Amino acid sequence: MPATVIVGAQWGDEGKGKIVDLLAQHSDVVCRYQGGPNAGHTIVVGEETYKIRALPSGIVCGKPCVIGNGCVVDPEVLIGELDEFERRGYSTAEVYISGNAHLIMPWHVAIDGASERRLGKLAIGTTRRGIGPCYADKAMRLGIRVQDILDPKILRQKIEVALAEKNLWLERVYETEPFDLETVASQYESYAQRLRPYVADTSLYVDNALADGRVVLFEGAQATLLDLDHGTYPFVTSSNPVAANAATGVGVGANRIDRVIGVAKAYVTRVGEGPFPTEIPEPEQSMVRELGHEYGTVTGRERRCGWLDVVALRYAVRVNGIDQLALTKLDVLSAFAELPVCVRYRLRDGSETADFPAHQSDFHAARPVYETLPGWQEPLDACGAMHDLPDAARRYVEFVERALGVEVTLVGTGADRDRILSPQSLEAVARP
Ligand code: GDP
Ligand code: IMO
Ligand code: MG
C-alpha cells in the first residue's frame, strides 16, 4: 500500500504538517497536490520550529518533495523557503516542481486584497495571498505556468499579455495602482533563474516512484470544509483539498491511491468568515484559543474555536473516503471538566439530522445538538502509549471512532514530533 493521501477533515490547521512529517520519516516521496502559500504548517522538532507554506512537509525530514500541477506557486515565497532550508543545512536538490503548476503573480495578490476590501462585510476573509485570482486565471486560461519560466522570451511575452488586461481591471474596476511591465518582467526573470533547476515532469516522477513500490504521501493543504466544491461555499478556498484531487493534482491515476488518512483536531478551528455551528461562546472560546495557541501561521489571525463536530467529520469521511483518522491536540482539552461534542444539527423546521446539510441556508441555520462527555482534567504529557491515556480521554477517542466508523490510528498530545500516540508503530501506520 504505497500511496496515501493525508487530508484535513475540518476547516484547516488540523496539524496536517505534523502528521505528514511523522509519516514522511517512513516514506519515500511527499507531494503537495493543491493550494499555495495560503497553507501554513508548523512542525516542531525538539528545539527547532519549521513554518512551511509552499514546500511539502516532507522537506523537514529530508525526503524528495513534489509540488504538483494542482498547486499555485508564489515564487518569492517558495524561494524564501528554499533559501531558508539551505541556510539550515538542508539540500533542496530533490525538490521537484510541476511545470503545469500556476504562478501567483503580483496582480493576483493585489486583486485578492482589493476584492476583499470591496466586499466589505461580505468578505470571505481570505489569506490575501492571491490564491483565488490565480486559480481563476487558470480556469480562464490566462494563467502563467511554472514551465513558462524556462524561456525568458515566453515569460516576458506572457507577462505582457496578462498585464495588458490586468492593469485595466486594477485601474478601472478596483481603482488601484497598475503594475509596470519592466519591473514585473525583471523580477520574475530573476525568480526564474533561481527556480529553473527545480522544474520537472512530476507526473512521470511520481508514477515511476509508485511503479518501483516506493511509499508516496500526498499532502493536502487547507481542508474538506474549505474545498471549492464540497466546502462551505463561498467561504472556501479556490482549490479542491479533498482526497480524490490528489490524483488530478499530481497527475497519477485515481486507482493509484491506496488509502486516505484524515486529520482532525479533537475540537475545531476556523480562520476567516463563514458559518460555524459549534463555535464556542466567550470566555471559553478564548480559553481554547490560548491553550491551543490558535493563531494563524500565515496571517497571525485569531482562529475561531469550536467544539468537536462529528456531523461535519462524518461528512469529511464520506467525501474523502477517509479510512483512518489522526486526532490531534487532544492535550488542549485537558483543562475542561465537560466536553460537548456535536452529534446532530437542529434545522430551522425543528427537525434533527446527523447528515451534513446539502444546502447553504440549512447549514447557516443549523444549531448544534451536543452530547456531553466527561473531561479528564489532567495533562497528557506523561502518556507514552495509548493505554497510558486517562480513561475519559480514551473514551473520548473511542466515541469519535464509533461516531465515524473509522479507526483513530494517531493521537496528538503536544506540538513536538514525539508527542504522538498510536496503537501501532509509526512505521506500521506509514507502510502497512
Ligand atoms: P496544518 O496547517 O494542518 O499543518 O496545521 P498548523 O500547523 O497550521 O496548525 C496546527 C498547530 O498545532 C501547529 O502549531 C502545530 O505545532 C500544533 N500541533 C500539532 N499537533 C498538536 C498536538 O497534538 N497538540 C498540540 N498542543 N499542538 C499540536
Ligand atoms: P492550512 O493548509 C486554515 C481559509 C482562509 C479563508 C478561506 C479562503 O494551513 O490548513 P484563500 O486565501 O485560500 O482564498 O482563503 O480559506 N484558509 C485556511 N484556513 N488553514 C489553511 O491552510 C487555510 N487556507 C485558506 O482563512 O477563510
Ligand atoms: Mg495551517
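Three strands make up an open sheet in the order β16-β15-β17, and their pairing is antiparallel. At its edges stand β16 and β17 (367-374), each with a single partner strand, so one side of each has no neighbour in the sheet. Two strands are said to pair if DSSP finds at least two bridges between them, and the strands themselves are DSSP runs (E, at least two residues; helices are H or I, at least four), numbered from the N terminus. Strand β15 (residues 338-346) is joined to β16 by two bridges, the two running antiparallel. Along that pairing, arginine 346 sits opposite glutamate 352 in β16.

Before going further, a word on what you're looking at. This is a predicted model, in which local features need pLDDT of at least 70 and side-chain atom pairs count only at pLDDT 80 or more, while totals for chains, interfaces and linings use all residues. Residues are numbered from 1 along each chain as its sequence is written, chains are lettered from A and ligands numbered from 1 in the order in which they are written, and side-chain values use heavy atoms, with hydrogens and water left out.

Now to another sheet. Here 10 strands form an open sheet in the order β9-β7-β5-β2-β10-β1-β11-β14-β18-β19, with mixed pairing. Its edge strands are β9 (199-200) and β19 (420-421), each of which pairs on one side only. For a parallel stretch, look at β14 (residues 324-328) and β18 (residues 407-412), which pair over four bridges. Glutamine 324 has glutamate 407 in β18 as its bridge partner.

Next, the aromatic side chains. Rings of Phe, Tyr and Trp (its six-membered ring) pair if their centres lie within 6.5 Å; planes under 30 degrees apart count as stacked, over 60 as edge-to-face and the rest as tilted. By this rule there are 12 aromatic pairs. Take tyrosine 315 and phenylalanine 356: their ring centres are 4.4 Å apart and their planes at 20°, so this pair is stacked. It links distant parts of the chain, with tyrosine 315 in helix α10 (residues 310-320) and phenylalanine 356 in the loop between β16 (352-353) and α11 (360-365), 41 residues apart. Phenylalanine 356 also pairs with phenylalanine 363, and that pair is tilted because the planes are at 40°, with the centres 4.8 Å apart. Ring pairs link Tyr315, Tyr345, Phe356 and Phe363 into a cluster. As for cover, buried means under 20% relative accessible area and exposed over 50%, with partly exposed in between (1.4 Å probe, protein chains only). Tyrosine 315 is buried at 11%, phenylalanine 356 is buried at 10%, and phenylalanine 363 is buried too.

On to the metal. The magnesium ion (ligand 3) is coordinated by Asp13 (OD) and Gly40 (O), at 2.0 to 2.1 Å. These two come from distant parts of the chain, 27 residues apart: aspartate 13 is in the loop between β1 (3-8) and α1 (16-24), and glycine 40 in the loop between β2 (29-32) and β3 (41-45). Donors here are N, O and S atoms within 2.8 Å of the metal (3.2 Å for Na, K and Ca), and water is not among the atoms, so sites may look incomplete. Aspartate 13 counts as partly exposed because its relative accessibility is 21%, whereas glycine 40, at 11%, counts as buried.

Aspartate 13 turns up again at the other two ligands. Around ligand 1 there are 19 residues, the closest being Lys16, Gly40, His41, Thr42 and Asp331; a residue is near a molecule if one of its heavy atoms lies within 4 Å of it. A polar side-chain atom of aspartate 13 lies 3.0 Å from an oxygen atom of ligand 1, and a backbone N or O atom of lysine 16 lies 2.8 Å from one. Taken alone, ligand 1 exposes 580 Å², and the protein buries 92% of that.

Ligand 2 has 20 residues around it, of which Asp13, Lys16, Thr127, Gln222 and Thr237 come nearest. An N or O atom in the side chain of threonine 127 is 2.6 Å from an oxygen atom of ligand 2. Taken alone, ligand 2 exposes 550 Å², of which the protein buries 97%. These areas come from the Shrake-Rupley method with a 1.4 Å probe; for residues, only the protein chains shown count as cover.

Technical notes: Polar contact = N/O pair within 3.5 Å; in protein donor to acceptor, adjacent residues only side chain to side chain.
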